[in-house]
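Colleague: I have a model open on my screen and would like to learn how to read it. Could you take me through it one feature at a time?

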Amino acid sequence: MAAMACYTATIIVKCFSHMRAKPSPPPLGAALIDPTADEAPSDATPPLRYTDIGYAAFGSAGAWFVTVQMHVTLVLVGTIYHMLASENIIQVLADHGVEFSQLQAVLIVAAVVWLHVFLKTLSEVAALSYFNISVNVVLLVIVLIEALTHQPAEPPTYKWFNTDGVLNFGGAFASFGFAFGVHPVLPSVYATMRTPSQYNTMVILTFVGVMCFYLPMACIGYGVYGDALVSGVPIYKVDELGELPAVQVVIVLLSIHLLCSYPIVLNPPELAFEKLWEPELEKTTSTILPADTPPPPTSCLDRFRMAAARYPLLLRVVCRSGFVGFTTIVSATVPKNKFGPFLDLVSSITSTFTVFILPVVFFVKLVGVRNIPSIELAWIVAILVVSCVGAVFGTIEALNDLFNLKLGS
């Protein structure tokens with residue numbers, strides 16, 4: 001899967017050389033497609049956005065499909081961060097004799113992450129990424145050391161081959177696919193590189209680095225604990241590890257990491273939603289009367305728009321509070337034991353498309369089947385088949401586990 005994701009990451013940039021003569025998306029909806037841009041790029045500007053690739057391949061439908069996938073992915077990832085931080089709070093406090101309900105923990109996290117409504121742009125929260133990567137390194141080292149030095153009381157059992165059916169394959173594909181969901185931001189990374197020719201090298205080294213995190217954790221974790229590990233449940237939640245002081249410190253740091261990552265992933269969809277109001281704000285701003293003149297009768301919606309034109313912070317707080325409210329409701333509604341299936345469902349319906357399916361579909365459409373070498377075309381077909389099977393059956397298994405259904409059985 002790492003090789004598949006690495007290949008699709010490289011062909012995203014290859015698509016640009018086959019779409020230079022094609023126009024960028026029209027201004028209609030440009031704010032939602034690219035919330036960081038004040039206006040759609042001109043025809044003379046090389047398109048360097050994921051949505052531009054979708055537009056070049058399939059017109060407005062392609063651009064909007066990519067846009068919806070990207071923003072839905074980020075909102076649901078923020079929801080996952082909210083859920084996991086809440087579970088960590090419950091676990092740490094329970095180990096110290098303090099019992100918190102799921103709703104209480106969710107509301108505490110909501111109160112903390114709500115403060116991000118006062119941050120305007122991504123640049124104001126991007127510095128948090130340095131802290132986040134540091135926490136991940138510390139987590140990896142401590143968990144591996146503690147796992148090797150604290151063997152389980154009972155000998156572990158292993159299942160070397162899973163013969164339970166294609167539904168389990170879909171769930172596994174979704175779980176691992178979530179680890180490689182960086183593709184929507186790669187065009188922006190490429191556009192800001194000082195040496196774009198080093199893009200492929202950067203991508204390869206990035207995925208090698210990702211595997212340096214995941215492979216040791218997966219191999220050593222399963223080697224030590226075997227089938228005690230459950231899909232969708234972090235290794236540090238295994239009883240033998242979760243009670244160790246060093247691991248609890250890491251859990252606290254990881255919770256801080258999740259709280260810091262929450263505004264990073266929600267910032268793009270929040271900006272996109274706020275940008276949708278700007279045309280209306282411009283229209284209403286021109287009709288605002290002097291402060292000493294009573295305003296004409298308007299609807300409640302128009303009054304809000306006029307107030308937002310005068311007080312942009314009001315718009316930001318109201319809109320972003322709505323996003324926090326959404327993640328809070330979902331986090332409080334999904335039971336703790338359903339976190340794994342919920343994670344698989346999010347990955348199946350979002351990351352699988354943006355990471356595996358859309359890049360190869362756009363690449364084939366823009367380049368043309370006859371212009372792709374047969375070996376590479378076979379690899380593309382394999383990626384497409386495996387990804388579609390994983391997405392379909394991953395969704396079915398996740399729905400079965402979430403709602404106790406028997407689809408596909």
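Colleague: Let's start with Ile 142. Is Ile 142 buried, exposed or partly exposed?

Modeller: Keep in mind that this is a predicted model. For burial, we use relative accessible area: under 20% is buried, over 50% is exposed, and partly exposed is in between. Ile 142 has a relative accessible area of 22%, so it is partly exposed. You will find Ile 142 in helix α5.

Colleague: And which residues is Ile 142 in contact with, leaving aside its neighbours within four places in sequence?

Modeller: Those are Ala 246, Val 247 and Val 250. Look at Val 247 in particular: its C-alpha atom is 6.9 Å from that of Ile 142, although 105 residues separate the two along the chain.

Colleague: What share of the contacts joins residues at least 24 apart?

Modeller: Taking contacts between residues at least 6 apart in sequence, 82% join residues at least 24 apart.

Colleague: How many helices and strands does the chain have?

Modeller: There are 15 helices and 0 strands. Of the 409 residues in the chain, 44% are buried.

Colleague: Now the interior. How do I read a nonpolar core?

Modeller: Look for buried nonpolar residues joined through side-chain atoms within 4.5 Å. The largest nonpolar core here has 37 residues, and those touching the most other members are Tyr 50, Ile 53, Tyr 199 and Phe 363. At least two residues come from each of α1, α3, α7, α8, α14 and α15. The helix that gives the most is α1, with 9 residues.

Colleague: What does Tyr 50 touch, not counting residues up to four places away in sequence?

Modeller: The list includes Ile 12, Val 66, Met 70, His 183, Phe 353 and Leu 358, along with Pro 184, Pro 187 and Pro 359. Apart from this core lies another, of 23 residues, among them Val 75, Val 330, Leu 343 and Leu 345.

Colleague: How many aromatic pairs does the structure hold?

Modeller: It holds 7. To read one, check the distance between the ring centres and the angle between the planes. Phe 180 and Phe 207 form a tilted pair, 6.0 Å centre to centre with 40 degrees between the planes. Phe 180 sits in the loop between α6 and α7, while Phe 207 is in helix α8, 27 residues apart. Both Phe 180 and Phe 207 are buried. Tyr 190 and Tyr 199 make an edge-to-face pair, at 5.4 Å and 85 degrees.

Colleague: Why does Tyr 190 count as buried?

Modeller: Because its relative accessibility is 18%, and the cut-off for buried is under 20%. Tyr 199 is buried too, with a relative accessible area of 2%. Ring pairs also bring in Phe 16, linking it with Tyr 190 and Tyr 199 into a cluster.

Colleague: What about charged side chains?

Modeller: Side chains of opposite charge can pair when their charged atoms come close. A search of the whole structure finds 1 salt bridge. In it, the side chains of Glu 270 and Arg 320 meet at 3.7 Å, N to O. Glu 270 lies in helix α10 and Arg 320 in helix α13, so the pair ties together parts that are 50 residues apart in sequence. Glu 270 and Arg 320 are both buried.

Colleague: Last stop, the surface. Which residues make the nonpolar surface patch?

Modeller: Trp 114, Leu 115, Phe 118 and Leu 313 make a patch of about 380 Å². Leu 115 is in the loop between α4 and α5 and is exposed, with a relative accessible area of 52%. For the chain, the accessible surface comes to about 20500 Å², with 69% belonging to carbon and sulfur atoms.

Methods:
Residues numbered from 1 in each chain as written. Predicted model: local features only at pLDDT ≥ 70, side-chain atom pairs only at ≥ 80, totals over all residues. Heavy atoms only, no water. Patch = residues over 30% accessible without salt bridge, like charges linked within 9 Å, V, L, I, M, F, W, Y side chains within 5 Å. Areas by Shrake-Rupley, 256 points an atom, 1.4 Å probe, with all protein chains shown as cover. Salt bridge = Lys/Arg side-chain N within 4 Å of Asp/Glu carboxyl O. Helix = DSSP H or I, 4+ residues; strand = E, 2+ residues; numbered from the N terminus. Buried < 20%, exposed > 50% of the residue type's maximum accessible area, 1.4 Å probe, protein only. Contact = heavy atoms within 4.5 Å. Phe/Tyr/Trp six-rings, centres within 6.5 Å; stacked < 30°, edge-to-face > 60°.
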